[in-house]
Amino acid sequence: MIAIGCDHAAVDFKKSIIEHLQARGWKVQDFGTHTSEAVDYPQYARKVAEAVARGECEKGILICGTGIGMSIAANKVRGIRCALCGDTFSARATREHNDANVLALGERVLGKGLALDIVDVFLTTAFSGEERHVRRIEGISAIEREEK
């Protein structure tokens with residue numbers, strides 16, 4: 001199950017991504033928003049991030065105008081490693097090296113075709129499991145444990 005959420009700037013983009021995911025057999029849980037009426041993105045980032053952190057969803061996708069705000073908000077949730085990606089290389093690298101579990105996208109900075117390619121790469125790339133990457137992720141987790 002893939003958790004997905006957006007703010008008002010990315011409602012149509014989110015719909016396209018959901019259709020794309022479903023056509024590829026993914027189950028999707030849509031955490032909103034569902035209209036172009038202005039909303040504050042942190043609440044949607046939190047809903048998606050918490051669903052992933054609790055293990056209810058395997059991964060998450062967040063979309064706003066630039067993806068920046070969503071990624072910042074999602075990364076405040078313990079256990080979340082949200083990566084803002086604007087290309088497929090970064091999407092692949094963040095999965096292989098960082099075991100990122102949430103992807104942030106910017107509707108205003110990406111074309112739909114590229115965004116769908118990024119989503120596909122993010123969702124189909126496995127974490128490498130290499131010792132150096134595991135060690136670095138453990139370092140991130142240690143910082144989270146210290147921040148109470």
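This is a predicted model: local features need pLDDT of at least 70, side-chain atom pairs count only at pLDDT 80 or more; totals for chains, interfaces and linings use all residues.
Local features require pLDDT of at least 70 and side-chain atom pairs count only at pLDDT 80 or more, while totals for chains, interfaces and linings use all residues. Residues are numbered from 1 along each chain as its sequence is written, and side-chain values use heavy atoms, with hydrogens and water left out.

Five strands form an open sheet in the order 2-1-3-5-4, with parallel pairing. Strand 2 (28–30) and strand 4 (82–84) are the edge strands, each pairing on one side only. Neighbouring strands are turned by 20° against each other on average, direction ignored. Helices (H or I, at least four residues) and strands (E, at least two) are DSSP runs, numbered from the N terminus. Two strands pair if DSSP finds at least two bridges between them.

Strand 3 (residues 59–64) has strand 1 (residues 2–6) as a parallel partner, joined by five bridges. Ile4 stands opposite Ile61, and Cys6 has Ile63 as its bridge partner. Five bridges also join strand 3 to strand 5 (residues 102–106), again in parallel. Here Cys64 stands opposite Gly106.

How many residues of strand 3 are buried? Six of the six are, so strand 3 is largely enclosed by the rest of the structure. Buried means under 20% relative accessible area, exposed over 50%, and partly exposed in between (1.4 Å probe, protein chains only). In a regular strand the side chains alternate between the two faces of the sheet. Lys59, Ile61 and Ile63 are buried on one side of strand 3, and Gly60, Leu62 and Cys64 on the other.

**Helix 2**

Helix 2 (residues 42–53) has twelve residues. Its C-alpha span, first to last, is 16 Å, close to the 16 Å expected at 1.5 Å a residue; the expected span is 1.5 Å times one less than the number of residues. Its buried residues are Tyr44, Ala45, Val48, Ala49, Ala51 and Val52. They cover an arc of only 160° around the axis, which puts them on the same side of helix 2. The arc is that of the directions from the helix axis to the C-beta atoms.

These buried residues pack against strand 1, strand 3, helix 3 (68–74) and strand 5. Gly55 follows helix 2 and has a positive phi, near 85°.

**A buried arginine**

Arg95 lies in helix 4 (residues 88–98). At 5% relative accessibility, Arg95 counts as buried. Leaving aside neighbours within four places in sequence, its contacts (heavy atoms within 4.5 Å) include Lys59, Phe122 and Phe127.

**Salt bridges**

The whole structure holds ten salt bridges. Each is a side-chain nitrogen of Lys or Arg within 4 Å of a carboxyl oxygen of Asp or Glu.

| Pair | Closest N to O distance |
|---|---|
| Asp120 and Arg24 | 3.6 Å |

Asp120 lies in helix 5 (residues 112–124) and Arg24 in the loop between helix 1 (11–23) and strand 2, so the pair ties together parts 96 residues apart in sequence. Asp120 is partly exposed at 22% relative accessibility.

Glu50 and Arg46 both lie in helix 2, four residues apart, about one turn of the helix. Glu50 is partly exposed at 27%, whereas Arg46 is exposed at 51%. Arg46, Glu50, Arg54 and Glu56 are linked in a network of salt bridges.

Glu131 and Arg135 are four residues apart in helix 6 (residues 131–146), about one helical turn. Glu131 is exposed at 53%; Arg135 is partly exposed at 43%.

Key. Axes are lines fitted to C-alpha atoms, for helices over the stretch in contact, and angles run from 0 to 180 degrees between N-to-C directions.
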